[in-house]
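I opened this notebook to keep track of what I looked up, and in what order.

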Amino acid sequence: MKRLLLLVVAALPLARPAAGQIPASLRSNLGAETAPAGTEVGVALLDLATGDSAWSNASWRVHAASTMKIPVLIELAQRVDAGRYGWDWPVLVRNEFESIVDGSSYRLKPADDSDSTLYALEGRQVPARELARLMIVRSSNLATNLLVAQLGASAIQASARRLGADSIVVLRGVEDQKAYDRGLSNTTTARDLAVLLAAITQGRAASDSSSAIMLNILSRQEFRAGIPAGLPPGIRVASKTGNITGVNHDAAVIFPPARPPYVLVILTRGFPSPGAAEAYMAAVSRVVWAGLVGVP
C-alpha cells in the first residue's frame, strides 16, 4: 500500500512555530508525493529560520543503522567541553568488542566496513578527532565501536534524550550479531534525528567551538547520493547516512546561501535497492529546496 506523505505541523521543543510559515505550496507538493508500494517512509522537516516544522510519519521507529553515529559524536563533544576528554586524546585501535548479550567477544570484518583504513592501525593510537571524522565521513564501524567503548552507550543515549530526542535508543556499537539476532538494536525516528541536528546547528548540543567541529565533520560527508543529490551544486550540507539490508536513511542540515539553514531527515525501509531509496530521498529533497528556498 502506498504511503502518502501527509505533513502535519508540529512543534519541536524549540521556539513555538506560527501557523503557515512553511509555504502551503511545499506542503501541497509533499502531500502529492508517494512512496512505492511495500515501502515505509518517515520524514521530518524543520525550518531553523522560524522554528516551524512538518512531519510525515516522523514518529515511526526503525533500525537507526549508521545514523546512531550522530549521538555518539554529540556525546564526544560534550565530554570534551566538560574537560573529561579531548579531541586530540589518543585512543588505542583494537578490534575486539563485547556483545551486550553475554559479554562474549567479537571482531569487525574490514570487508563489511565502509572504511578499511583504520584496521591497518590496530595496536597504534589515533586521536579521538580522527575517529570522529572516520565515523561520520566514511561511516567507519571500527571507529564507532572504539568511541562507543570509550563513552558508553547509556551515556550516549542519555545525552541525546536530554537534547529532546526523547525516544532514540542507543544500546550498543555496531555489528554485535548476537544482539541483533535478539532484536537488541539501536533505533530512531525522523523526529529524534531532526532534534539532534537542530541542536548541533543552533549550538545547544555543545560549546561553540565543539559545535563548529561537529558541523565541519558532518559537512565532509562522502556519501551524498540521497538528500544532497536533490540540491543545487555547491550547497553546503552537514549530514549522516545510514544503511543496512532494506533500510536506507539520510539526516541532513542544509545551508542555503541567503537564508538560515533547515533540517531534513528521511528514513526509509523496503525499497528494492539502496539506489532506489536514494533517488526517492533526492526527489523529496528537491521539492523541499524549491518550497523553502525557491531558486534553482
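I took two strands as paired if DSSP finds at least two bridges between them, and I read helices (H or I, at least four residues) and strands (E, at least two) as DSSP runs numbered from the N terminus. I noted that this is a predicted model, where local features need pLDDT of at least 70, side-chain atom pairs count only at pLDDT 80 or more, and totals for chains, interfaces and linings use all residues. Residues are numbered from 1 along each chain as its sequence is written, and side-chain values use heavy atoms, with hydrogens and water left out.

Entry on the strand. I looked up E12 (residues 262-269) and found seven of its eight residues buried, that is, under 20% relative accessible area with a 1.4 Å probe and protein chains only. E11 (residues 247-255) runs antiparallel to E12 and is joined to it by eight bridges, with His249 partnered by Leu267 of E12. Six residues lie between E11 and E12 in the hairpin that they form. I then turned to E2 (residues 40-47), which is also antiparallel to E12 and joined to it by eight bridges; here Val43 has Ile266 of E12 as its bridge partner.

Entry on the lining. Which element gives the most to the lining of the largest pocket? I found that E10 does, with four residues, and that helix H6 (177-181) and strand E10 (236-244) each supply at least two.

Key. Buried < 20%, exposed > 50% of the residue type's maximum accessible area, 1.4 Å probe, protein only.
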